[in-house]
Amino acid sequence: MTTLATQVSIADALTTVTPAGLPFRFTAYDGSATGPEDSPIHMHLASERGLSYVLTAPGDLGLVRAYVMGDLEITGIHEGNPYDLMRMMLNQVHFERPTTAEALRIVRGLGWSHLKPPPPPPQEHLPKWRRTFEGLRHSKARDKAAIHHHYDVSNTFYEWILGPSMTYTCAVYPTAEASLEEAQYEKYDLVARKLGLQAGQRLLDVGCGWGGMVRHAAREYGVRALGVTLSSAQAEWANETIKREGLEHLAEVRFLDYRDVAERDFDAISSIGLTEHIGVRNYPSYFGFLLDRLKPGGRLLNHSITRPDNRFRSTGAFIDRYIFPDGELIGSGRIIAEAQDAGFEVRHEENLREHYALTLAAWSDNLVAHWDEAVAEVGHPTAKIWGLYLAACRVGFERNNTQLHQILAVKLDDDANAHFPLRPTWLS
């Protein structure tokens, strides 16, 4: 005897996996609904394709695919800054894995046809197993492809988000009321002061982005600065700006893998936002290379996003597929240990977690202010991805899911002299 499956509404299925309920209104194309009717935020699943995205990629990846393709519509927030929704999703929505019986009941009720995956959005990067055709993980070729995916979107697009400093790393806010530009200047100057930069010294900035640190060191301290980046678009923009500011006698940015830098005996090295792309297993060679490029008494400032603990886990699917392919995070303790094991003496470390939340809020404000231009430049789906990414990361730093650490280390000379002041000079 055959028993027909009982139809399940989409809202009923959602209620099963979120038994504590939703803080916003949810409706679906099948007419079902759940969540408070008076919520200012409304999420609407508009199509069967959207349901297939969600069912075939449970978690954030399926939701993002549906949102990017327009099958998941959200009102009550600006697409350039869905911070209020992200805060609800991460703080108030608690998903519970259904039992096997419940999962089968839901799939039967919604229809087995929805288990056929639709093509992913064209903005999505390849899954990890397919990236092997680009080379082994963190090989030079594969790292170059990953950097191209994220940083070569459009220099104009980045100018609208990042502002005049073109700095895509955590700022340092001297006060909560400081502007983004003031905070980015303070970040570069803090790095310079920690490194003890002086006129005539040589600085290597690995993963230099659009050359902000290179230009700051040359302009403010008279330092001869070399920056290297795997993004050709960044290198082109940086060198044009260096020439426009009359700094070409001191500053240079090369389109080059940091591992191919041939020069040695630098007085200082800054690494601002590169460690996230290195791969944890490659830390020994990374720190070993940087140590080898410093002169005795030279300093390294390593500025990177970290986890609040030192347990390794994979990056979430959304970040890996859409934002930072092959990116890896670990705690500051592991980074310090690897630097020490490579031969560095660590002298100071600082957590700037709250500063990154403020930085992301400012970037989101910039994206909203230039929303129409951003959509025209990179397309509506990509602009939505960036709005989602910046808002979600802001919540992550506020919740202590992620941190930002600066670690200052030195290369001792043969007499174990660190050439370091008895007390830090940058705190005065």
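## Around threonine 306

Setting aside neighbours within four places in sequence, threonine 306 is in contact (heavy atoms within 4.5 Å) with Ile330, Gly331, Ser332, Ile335, Thr402, Gln403, Leu404 and His405. Threonine 306 is buried, at a relative accessible area of 0%; buried means under 20%, with a 1.4 Å probe and protein chains only. You'll find threonine 306 in strand E9, residues 294-306; strands (E, at least two residues) and helices (H or I, at least four) are DSSP runs numbered from the N terminus.

A word on the model: it is predicted, so local features need pLDDT of at least 70 and side-chain atom pairs 80 or more, while totals for chains, interfaces and linings use all residues. Residues are numbered from 1 along each chain as its sequence is written, and side-chain values use heavy atoms, leaving out hydrogens and water.

## The sheet

Seven strands make an open, mixed sheet, ordered E7-E6-E5-E8-E9-E11-E10; strands pair if DSSP finds at least two bridges between them. At the edges sit E7 (251-255) and E10 (345-351), each pairing on one side only.

Strands E5 (residues 202-206) and E6 (residues 224-229) run parallel, joined by five bridges. Leucine 204 has leucine 226 in E6 as its bridge partner.

## The second largest pocket

E9 turns up here too, giving the most to the lining of the second largest pocket, with five residues. Helix H8 (180-195) and E8 each supply at least two residues of that lining. By type, the lining residues split into six nonpolar (Ala, Val, Leu, Ile, Met, Phe, Trp, Tyr, Cys and Pro), four charged (Asp, Glu, Lys and Arg) and seven polar (the others, Gly among them).

How values were computed
Buried means under 20% relative accessible area, exposed over 50%, partly exposed in between (1.4 Å probe, protein chains only).
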